[in-house]
Amino acid sequence: MSFSSIVLHELILAIIGVLILVLLLIITVLGYSFYSYRILHNRHTWRQIIEYKIMETIVGSDGNDEQNREFSRYLKESSFRVLFLEILVDSGRKFSGAAKKAIDGLFFDFKLEDEAWRRLRQRKAYLVAGGIQELAEMNIEAAIPEIKAKLKDDRALVYQEAQYAMVTFLGYEGLEFLTHFDKPLSDWQQLRLLSSIHHIPELSDVQVYTWLKSTNDSVVIFTLRLIRKFRLMAFYPAIYALLDHVATSVRVQAIRTMQAIENSATIGQFITCFDQQPIEVKLEILKSMKVARSKESEDFLKKQLLDHPETSIKISAAEVLVVLGEEQYLREISQRTDTYDELIQIIKHALQEKKC
């Protein structure tokens, strides 16, 4: 066989090999696409079946025996049970009263507690978090010790769900983890926790003071929001002390909390500390003065409008003066011959905002 024939033979084999690889790749892609389609189709079909079952339960119709047997057959499929649990948890959070009790009954009628326990003990974070959600939604108090242990998990998805579950089970007492919590507490997580707390027990002052002194800024901010929600007046001096906090975000929240539980000294304290604050805190103070509508702040606001070097402060001061009914003063300033153009524009903007 000549050299050219050998080369041609090897080239043909190489082409055939490439074609076989391409064919295998096409088959793999088609197989995966078909598998994905079946999963999506099944989930869509299953979701309709589950939602119909929940609707029947809420309105008090149990369906016929054949429908119940068919539903029980679906429950033998583990993927169906997982989806059923997810939809039940989501539905349980949307309803209350008799509808909520009916949904809760489905957890126990179909013995889904075991499925939730299995998910809690899995390794993947999303499965563990799902198990925590489900056990909390079913109010399985026996799960509290294991869920409490998940507060120390390194995975945010797990420890955040454990935090929410502990508050769901125990209310205010479930916030005990805050005392030694050293990770960020996101705004969304703070809102979730706050929404689950409906009252604060007596003799909780020591704990709240401890959280206000936390080295974790997000814990301090959460505590300030908690104080605002329940208007805990006794903590006012401790909140005022936070205006020297190293974190600007904490100072801003302290200002909002002082305004929410204000007393006769609040405006004067705002004025006293104003010059020592960063710009974000100064703007927050002016927002609080706008809400308070106190005549005590008029002279201070006029000084900021005329003398402060920051345009944003001048704008906010002018807007508060409008709210306090000082439109005539502002017009007089804008019509003076020695008033510079930027200040005139600021005043016109504030007056126009009032008209809107």
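In this predicted model, helix H13 covers residues 248-260, and its 13 residues should span 18 Å at 1.5 Å a residue; the end C-alpha atoms lie 19 Å apart, which agrees with that expectation.

The surroundings of this helix can be described next. Because 10 of its 13 residues are buried, H13 is largely enclosed by the rest of the structure. The buried residues include Val 250, Arg 251, Val 252 and Gln 253, as well as Met 258 and Ala 260.

The side chain of Thr 257 makes a polar contact with the side chain of Arg 228, at 3.0 Å. Apart from neighbours within four places in sequence, Thr 257 is in contact with Leu 224, Ile 227, Arg 228 and Ile 239.

The nonpolar interior is a further topic. In soluble globular proteins, nonpolar side chains tend to be buried together. Here the largest nonpolar core holds 97 residues, and those touching the most other members are Leu 135, Ile 147, Leu 175, Met 289, Leu 301 and Leu 305. Helix H8 (residues 156-170) gives the most to this core, contributing 8 residues. Leu 175, with neighbours within four places in sequence left aside, is in contact with Val 167, Leu 193, Ile 197, Trp 211 and Phe 222.

Note on methods:
Residues numbered from 1 in each chain as written. Predicted model: local features only at pLDDT ≥ 70, side-chain atom pairs only at ≥ 80, totals over all residues. Heavy atoms only, no water. Core = buried A, V, L, I, M, F, W, Y, C linked by side-chain atoms within 4.5 Å. Buried < 20%, exposed > 50% of the residue type's maximum accessible area, 1.4 Å probe, protein only. Helix = DSSP H or I, 4+ residues; strand = E, 2+ residues; numbered from the N terminus. Contact = heavy atoms within 4.5 Å. Expected span 1.5 Å × (residues − 1). Polar contact = N/O pair within 3.5 Å; in protein donor to acceptor, adjacent residues only side chain to side chain.
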